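Biologist: Could you please take me through this structure, step by step?

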Amino acid sequence: MFDNFQSRQLVVNGVRLHVRVGGEGPPLVLLHGHPQTHAMWHLVAPTLAQRFTVVLPDLRGYGDSDRPSPGADSGAHTKRAMAADVVGVMKRLGFDRFAVGAHDRGARVAHRLALDHPAHVQRMLLLDIAPTLDMYEQTTEAFARAYWHWFFLIQPAPLPERLIEADPIAYLRDVMGRRHAGLAVFSNKAMCEYERCIAIPGTASAICSDYRASAGIDLLHDRADRDAGRRIVAPLRVLWGDHGVVGRCFDVLSLWRSAASGDVSGDAVQCGHYLAEEAPERIAEEMARFFAS
């Protein structure tokens, strides 16, 4: 995977982040979701690298990046901290303004990035999420049953950590395998990477901290922005899986139009949650067209 991409280790905000960089052209950063790593982009990034300089970081707590101690209120894993990491990585690479493509947890980081650092975000495309605050406030029984891990991971330490650490690969396979496409859609090389990284010591703690922050301090940040009328100003496109939970449980496009003041477009894709691996040609085409606008 990732032929002609360079692997780098960058220390940003006191955290060592693993980053792959490839291609030439305008800068585009792609952010992965849970419980994956930057490897989720392996079918999309090479195509995009023909037109863009593609930057693929492992978020703090994931992949081969550092797993900082959660700290008070899981402050080390707020989306605000992760968004600042992205800005720092791009600055270290010489990019002050860039496009953002993101999936799942990475898309929540991207949302915060667009609010906290609007001058740096040129355009943004998000995959299979609605705004975090709306998803919590509009939780239904159907959503809670499907996204059980949202409520499992935020339980007080060390219960979820202990259960994940007992068999991290089984946890990963269960979370990913329960989705629409099952596990067959993932390449052996990508799955080996996901399994290797989730077994790295400290990963369970980092994952739980990420989700606890989303259900705690991140919501405080989101409510403060909503109350102050702060919205995304960058052009935004959102795509969701037609067979996924988010599209069934939420009015995705309407919620994002409420969260943004600029142009917002969106569409369902004939796949499940893992769009970049279930429909890579469509996602690469969508991103190339949208980011070249």
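Modeller: We shall go through the sheet, the helices, the core and the salt bridges in turn. Please keep in mind that this is a predicted model.

Biologist: Let us start with the sheet. In what order do the eight strands come?

Modeller: The eight strands form an open sheet in the order E1-E2-E4-E3-E5-E6-E7-E8, and the pairing is mixed. The edge strands are E1 and E8 (264–269), each of which pairs on one side only. On average, neighbouring strands are turned by 20 degrees against each other, direction ignored.

Biologist: And what holds strands in a sheet together, in general?

Modeller: Strands of a sheet pair through backbone hydrogen bonds, and they do so either parallel or antiparallel.

Biologist: How do E1 and E2 run, parallel or antiparallel?

Modeller: E1 (residues 6–12) and E2 run antiparallel and are joined by seven bridges. One example is Ser 7, whose bridge partner in E2 is Arg 20. The two strands form a hairpin with two residues between them, where Asn 13 takes a positive phi near 55 degrees.

Biologist: Which strand does E2 pair with over four bridges?

Modeller: That is strand E4 (residues 53–57), and the pairing is again antiparallel. Here Val 21 has Val 55 in E4 as its bridge partner.

Biologist: Why is E2 described as largely enclosed?

Modeller: Six of the eight residues of E2 (residues 15–22) are buried, so the rest of the structure largely encloses this strand.

Biologist: Now the other end. How many bridges join E7 to E8?

Modeller: Six bridges join E7 (residues 236–241) to E8, and these two strands run parallel. Leu 239 has Asp 267 in E8 as its bridge partner.

Biologist: Which strands does helix H3 lie across?

Modeller: Helix H3 (residues 105–116) lies across E3 (27–31), E5 (98–103) and E6 (121–127), running at about 145 degrees to E5. Helix H15 (residues 280–291) lies across E3, E5, E6, E7 and E8, at about 160 degrees to E6.

Biologist: Changing topic: which residues touch the most other members of the largest nonpolar core?

Modeller: They are Trp 41, Trp 256 and Met 287, in a core of 100 residues. Leaving aside residues up to four places away in sequence, Trp 256 touches several residues, including His 111, Leu 126, Pro 131 and Val 264.

Biologist: And the charged side chains? What is the count of salt bridges?

Modeller: The count is 23 salt bridges. In one of them, the side chains of Arg 112 and Asp 225 meet at 2.6 Å, N to O. Arg 112 lies in H3 and Asp 225 in helix H11 (residues 217–228), so the pair ties together parts that are 113 residues apart in sequence.

Biologist: Is that pair buried or exposed?

Modeller: Arg 112 is buried, with a relative accessible area of 4%, and Asp 225 is buried, also with 4%.

Biologist: What does Asp 267 form a salt bridge with?

Modeller: Its partner is Arg 282, with the closest N and O atoms 3.3 Å apart. Asp 267 lies in E8 and Arg 282 in H15, so this pair ties together parts that are 15 residues apart in sequence. Asp 267 is partly exposed at 34% relative accessibility, and Arg 282 is partly exposed at 27%.

Biologist: Where do Glu 285 and Arg 289 lie?

Modeller: Both lie in helix H15, four residues apart, which is about one turn of the helix.

Notes: Residues numbered from 1 in each chain as written. Predicted model: local features only at pLDDT ≥ 70, side-chain atom pairs only at ≥ 80, totals over all residues. Heavy atoms only, no water. Core = buried A, V, L, I, M, F, W, Y, C linked by side-chain atoms within 4.5 Å. Buried < 20%, exposed > 50% of the residue type's maximum accessible area, 1.4 Å probe, protein only. Contact = heavy atoms within 4.5 Å. Pairing = 2+ DSSP bridges. Axes fitted to C-alpha atoms, helices over the stretch in contact; angles between N-to-C directions. Salt bridge = Lys/Arg side-chain N within 4 Å of Asp/Glu carboxyl O.
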